[in-house]
Amino acid sequence: MLSVDEARDRILVRATLTPGERLPLDRCAGRVPAVFALTATYDVLPFANSAMDGFALRAADAPGELRLVGEVAAGAADLPRVEAGTTVRILTGAPIPPGADAVAPLEVVDERGDLVIVPRVEIGAHVRAAGQDTRAGERVDLSPAPLGAASIAVAASLGYGALEVRRRPKVAIVSTGDELVAAGTPLGPGQISDANTPSLVAAVFEAGGGVVAQMR
């Protein structure tokens, strides 16, 4: 009789990679990538944005009293310009308006109507720069393990809506024994429930495969 290791080695010697197929990201979970190297299609982050709710300003104007001239929310396209002595209210994730080079968090400022008193801030404070995570054209390698939520999120952030993955291997399960009956079926004399077949089906799915036949 073969040992488990011997049986596995015989199988692996004859095993080949399954073909690749391109799937949308929402169908890639649990699949093994066929292509591990991804290339960023744009800068990540694609634009400088605020890491805090607060006020976008010129660091050279702080500390001081600044005039509030607008507001920028996440997703905004029409951005007010920050001139000397002015500031713009900004929400987390919103693009940094032209002229601003820092953000003063909401918690450290004193608002008095259209005037905002800000403490000293450094250039770049609470600003997430464009390309901070990945530059356009930069290579990012996926793990050769089955794709999970984190890897799929990385692919999406790089601009991919689909990935090339390996097709699931197809497995036929053969359960034999005159004493076996399908689980959930009333037992007759000398019969036992077939626990192996459903457990093997589950093991195949857990390993990323698909079951094409269950035979007795």
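This is a predicted model: local features need pLDDT of at least 70, side-chain atom pairs count only at pLDDT 80 or more; totals for chains, interfaces and linings use all residues.
1. Strand 4 (residues 54–57) pairs with strand 6 in the antiparallel sense, over three bridges. Here strands are DSSP runs of E with at least two residues, helices are runs of H or I with at least four residues, and both are numbered from the N terminus. Two strands count as paired if DSSP finds at least two bridges between them.

2. Residues are numbered from 1 along each chain as its sequence is written, and side-chain values use heavy atoms, with hydrogens and water left out.

3. Strand 6 also has strand 5 (residues 64–72) as a partner; the two run parallel and are joined by four bridges. Glu71 has Arg89 of strand 6 as its bridge partner. Strand 6 itself (residues 86–90) is mostly covered, with four of its five residues buried. Buried means under 20% relative accessible area, exposed over 50%, and partly exposed in between (1.4 Å probe, protein chains only).

4. Do have a look at Glu21, in strand 1 (residues 20–24). Glu21 has a relative accessible area of 18%, so it counts as buried. Its side chain makes a polar contact of 3.1 Å with the side chain of Arg167. A polar contact is a pair of N or O atoms within 3.5 Å; within protein, one must be able to donate a hydrogen and the other to accept it, and residues adjacent in sequence count only if both atoms are side-chain atoms. Leaving aside residues up to four places away in sequence, Glu21 touches Arg31, Leu163, Glu164, Val165 and Arg167 (contact means heavy atoms within 4.5 Å).

5. Ser175 sits in the loop between strand 13 (170–174) and strand 14 (180–182). Its relative accessibility is 6%, so Ser175 is buried. The side chains of Ser175 and Thr197 are joined by a polar contact of 2.4 Å.

6. Thr197 brings us to helix 3 (residues 196–206), where Thr197, Val201 and Val204 are buried. Seen down the axis of helix 3, the buried residues fall within an arc of 60 degrees, so they line one face; the arc is that of the directions from the helix axis to the C-beta atoms. The face turned away from that buried side carries the exposed residues Asn196 and Glu206. After helix 3 comes Gly208, with a positive phi near 95 degrees.
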